[in-house]
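Keep the 3D view open as you read.

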Amino acid sequence: MLAEIYRQGIDISQYWISEKLEGVRARWDGTHLISRGGNIFAAPDWFIKEFPPIPLDGELWMGRGRYEEVSSIVRRQQPHDGWRNVRLMVFDLPAHGGTFDQRLFAMNSFRMEKGSPYLGFIEQQRVGKEADLLKWLQTVIEQGGEGLILHRDNALYASGRSQDLLKFKPFTDAEATVIGYKPGKGKF
């Protein structure tokens, strides 16, 4: 799932909320870690050894403000020890089939089991009113975070952009597709 942009005025009582982690998006298919673009990450065997045999959707993460570092580690073509500082932070179960409430219950069950030290689950919370949401966003930003994610409680998992998944950041970013370029002259 890909997030749409949060707009004020929605009924936030219908959403679970978590911090938006600034990491490298990854899917675990039960056997391999796969990038958003469909490439298999060269994760060491010891890193994925205790991952469950079910699909997971998450973010390869090392902590706030460490995007460049985690990106450098996971993009290498050979397994290496740099992965010891990385965790797959799970935020969804794509093959579960239930609503997000049901998937969240299943994720919390996994959290209780003894598992891999390289696997974590992103904490989800509810807020009562928009003022609480704004306060939480401000706290996350002050602590070096990127923003928040709102996930509709009754949403089924679906590929692509969805109003059931919203990102809330103090600024918006955009995505683009390069459709061409012109060679430069000299060093450009």
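## The five-stranded sheet

Five strands make up an open sheet of mixed pairing, in the order S4-S3-S5-S6-S7. At its edges are strand S4 (33-35) and strand S7 (119-121), each of which pairs on one side only. From one strand to the next, the twist averages 40°. Strands here are DSSP runs of E with at least two residues, helices are runs of H or I with at least four, and both are numbered from the N terminus. Two strands count as paired if DSSP finds at least two bridges between them.

S6 and S7 run parallel and are joined by three bridges. In this pair, Met89 stands opposite Gly120 in S7. Helix H2 (residues 67-74) packs on the sheet, where it touches S3 and S5, and its direction makes about 45° with that of S3. Helix H3 (residues 100-112) lies across S6 and S7 and runs at about 150° to S6. Contact means heavy atoms within 4.5 Å. Angles run from 0 to 180 degrees between N-to-C directions, with axes fitted to C-alpha atoms, for helices over the stretch in contact.

## About the model

This is a predicted model, in which local features need pLDDT of at least 70 and side-chain atom pairs count only at pLDDT 80 or more, while totals for chains, interfaces and linings use all residues. Residues are numbered from 1 along each chain as its sequence is written, and side-chain values use heavy atoms, with hydrogens and water left out.

## The four-stranded sheet

Another open sheet has four strands in the order S1-S9-S8-S2, again with mixed pairing. Its edge strands, each pairing on one side only, are strand S1 (2-5) and strand S2 (15-20). Here the twist averages 40° from one strand to the next.

Strand S8 (residues 147-152) and strand S9 (residues 161-168) run antiparallel, joined by four bridges. Ile149 stands opposite Lys167 in S9. Helix H4 (residues 130-142) packs on this sheet and touches S2, S8 and S9, its direction making about 140° with that of S8.

## The whole chain

In total, the chain has four helices and nine strands. Along the sequence they follow the pattern β-β-β-β-α-β-α-β-α-β-α-β-β.

The C-alpha trace spans about 55 × 45 × 30 Å along its principal axes. For 188 residues, a compact globule would have a radius of gyration near 16 Å, and the 18 Å of this chain agrees with that. The radius is taken over C-alpha atoms, and the globule rule is 2.2 Å times the number of residues to the power 0.38.

## The largest pocket

The largest pocket holds about 740 Å³ of space. Its lining has 35 residues, of which Lys20, Leu21, Arg25, Arg36 and Glu59 lie nearest its centre. By class, 14 of the lining residues are nonpolar, six polar and 15 charged. (Ala, Val, Leu, Ile, Met, Phe, Trp, Tyr, Cys and Pro count as nonpolar, Asp, Glu, Lys and Arg as charged, and the others, Gly among them, as polar.)

Strands from both sheets contribute: S1, S2, strand S3 (24-28), strand S5 (56-61), strand S6 (87-92), S8 and S9 each supply at least two lining residues. A pocket is an open set of points on a 1 Å grid over the protein atoms alone, with protein on both sides within 12 Å along at least five of seven lines; a cavity is a set where a 1.4 Å probe fits but cannot get out, and lining residues have an atom within 4 Å of a point. Grid points are joined across faces, edges and corners, and a volume is the space filled by probe spheres set on them.

## The cavity

There is one cavity of 30 Å³ or more, and the largest cavity has a volume of about 40 Å³. Among the residues lining the largest cavity are Glu19, Lys20, Leu21, Trp61 and Arg64. The lining comprises two nonpolar, three polar and five charged residues.
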